[in-house]
Amino acid sequence: MRTLVLAETENGQVADAALRTVSAASERGLPVDLLVLDASAAESAARVAGISRVLVAAAASVDIAPETLAARLALLASDYSLIAAAHRTLGRSALPRAAARAGGAFLSDITAVAGANQFVRGLYAGSVVSNVSTAAATTFATFRASSWPAAGSGEQAADIVVLPVLDSFAKTRLVERHTANQSGQDLASARIVVSGGRGLGSQENMERLGHFAAQIGAALGASRAAVDAGYVSNTAQVGQTGKTVAPDVYFAFGISGAIQHLAGMKDSKVIVAINKDPDAPIFSVADIGLVGDLFEVLGELERHAGAAR
Amino acid sequence: MAIRILVPVKRVVDPNVRVRVNASGAVDTTGLKMSLNPFDECALEKALQLREAGVATHVTVLTCGLATSQDVLRTALAMGANDAVLIDTAEATPALDSLGVARLLHAYLATHDYGLVLCGKQAIDDDIGGVAAMLAGLLDWPQGLDASALDATAEGWRVTCGDDSGTATWELGGPCVVSADLRLAEPRRVTLPNIVKAKQKPLEILGYRTLGVEPAPLARIDALSEPPARKAGIQVPTTAALIDALAARNVFGNTGVAA
C-alpha cells in the first residue's frame, strides 16, 4: 500500500510543512505520493525527493472548502493505507471528515512514526506520550511538521497525474480571510521564537517585544493569558490550543508556564525563561533561567542586539 | 428560524490537574477531579446564548460514556440546558474512538431533529479534535471548526474560524456542525438554585445498542509513557551572564544572529 501526503503549496512551491510531512511519511518505508491543489505547483512538487507520483486535483479556487477536499480524499482512500497532512488548519479540517466518509481512522498531531501503522502522539497537553496503532484500511493523520526535517529535492521528476475535477461542496462558501498582523517570521517554523506572557502588562509592551523579535530575526509568540488580555492576536498563541513550536531557541518573557503553554514549546532545543517569580513553573523546563525584571532584561538585550549588528 | 441545538460534551480530567502515568503504564483517573471539557463549556454557553436570543428553542446536551458521566450532564443542565442524554456505552467504552463517537451521534441524529450541532473543538484529554468534522462528514452537513464567532443568517450560519495565520469566515447553508474555540463564549457560572433545579430536568439514558452502532475501534493505544524530562537548566544572575550563556551554547549558531 501507499502513502498520500496532502501538500499545501505557496507561490507554486511545496510548503515547508508539507516537505516535513513527506519526511515523516517516508519513514513507513512505503511509496509516497503527493496531492497538490494548485496545478502550477505540480512541476516543483514532482522534484521532491523520494516521492513516486504527484496527483493534481486542481481546485476551483485556492480557498478550497474542507468539505470539498474531504470528498476528494475519501474517493482516493482505497488506494492508500495512510493519508497524511501537516497539522495545520486544512489537514485538521479535511482529514477527519474524509476519514469518517471512508470509514477510516483519524489521528492528529503525530510526533513520531513507530511502524507502518504505529504512531506516537501526545495526550493531556503533552503530559502523556501515547503509542497508537490503527487497524483501519486507511488511516488519516496530521503530523507535527517541526518533528521532521524537510525533504530535499530529487534527481528525477516524479510522474504527474491530473485528476478529474470534482464539484465543490455547495453548502459552504468562504466570505473572507483575515490575516492577523505578526512579525515577519512564520511562528511554526521559526528558528528563534520570542514569546510574551501576561507579565508584559500591555499591548504596547508586547509590540516592543515584537520589535525585539524582528531585530533578532525571531517570530513573536504569546501565552494564552497574553492573548486573552488582548496584547496580541490569537494567531501568536503557543500551547495546547494554539501553535506548537520547536525552535532552536525559545525565549519566554513573563510567562508563568501553565501545562497548556508548555505543551506548545517544550520540544524547543534551548528554552530561556525570564520571570520575576522564582517559583514560576516555566523554570522547570528552562535551560537558562533568569529571575528578574523582564523590562530591564529586555532593554539590555535590545541594546546588545543593536550593538552586535 | 427556531431550531434545536445538540451540544455533545465529554467528561475529562480537570484542566488544572497534572496527569501522570502510573507504574503499570496507565493513566489512573480514580480520585482525580473530573470536569466538563472546557471547550464543550464554551459551546454550551454559545448554544444557551442562541436560545436566549430566540434563534433556538431548545438545547440538549449529550455524552457517550459510563453512568459516571451523569455528573457533567447535571453541570450542563445547571448551566441552562433543557435536557440531557447519556448514551451508555457500557463495556464498549474503552473501545470508543473518535469515529465511534461520531457514529453514535450520527445514529442519534437520525431520529431526532436538530438544526445545529455545537461542540468543543477538542477534548483536553486525548487532544485529537476529530469528532466534529467526522460527524459533519457522516451527516453530509457543512462544518465550521475552531469557531470564535457564530451568527444565524437567513439561510444558515456565518461562522468565523481560526486558521494558521488569522481567521476565515464562512457561510454555511442549512444545518451544520460547529466546534468551539475558547473565544466563542465565556461560560456562565453555575448558581446553587440552578444546581437544585437541574436535578429535576430530564436526563435520558440510552443503551448504545439501541442505536444500532457497534463501536469497533480503529485506533488503539498500545502504550503510555511520561515524556522524557528535560535536563535541569541553569540559573543566571544577570543579563550579561544570560548573553554569555547563550554564546557558550552557540544557540544562534544556525540562525545567523550574533549572540
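Modeller: Chain B has 6 helices and 13 strands, where helices (H or I, at least four residues) and strands (E, at least two) are DSSP runs numbered from the N terminus. Keep in mind that this is a predicted model: local features need pLDDT of at least 70, side-chain atom pairs count only at pLDDT 80 or more, and totals for chains, interfaces and linings use all residues. Residues are numbered from 1 along each chain as its sequence is written, while chains are lettered from A and ligands numbered from 1 in the order in which they are written.

Along the principal axes, the C-alpha atoms of chain B fill a box of roughly 65 × 45 × 40 Å. The domain assignment, automatic or from a database, gives chain B domain 1 (3–211) and domain 2 (233–259), and their C-alpha centres lie 46 Å apart. Of contacts (C-beta atoms, placed from the backbone, within 7 Å) in chain B between residues at least 6 apart in sequence, 69% join residues at least 24 apart.

Now for the partner: 69 residues of chain A and 63 residues of chain B take part in the contact. On the chain A side, H4(A) gives the largest share, 9 residues.

Conventions. Two residues are in contact if their C-beta atoms, placed from the backbone, lie within 7 Å.
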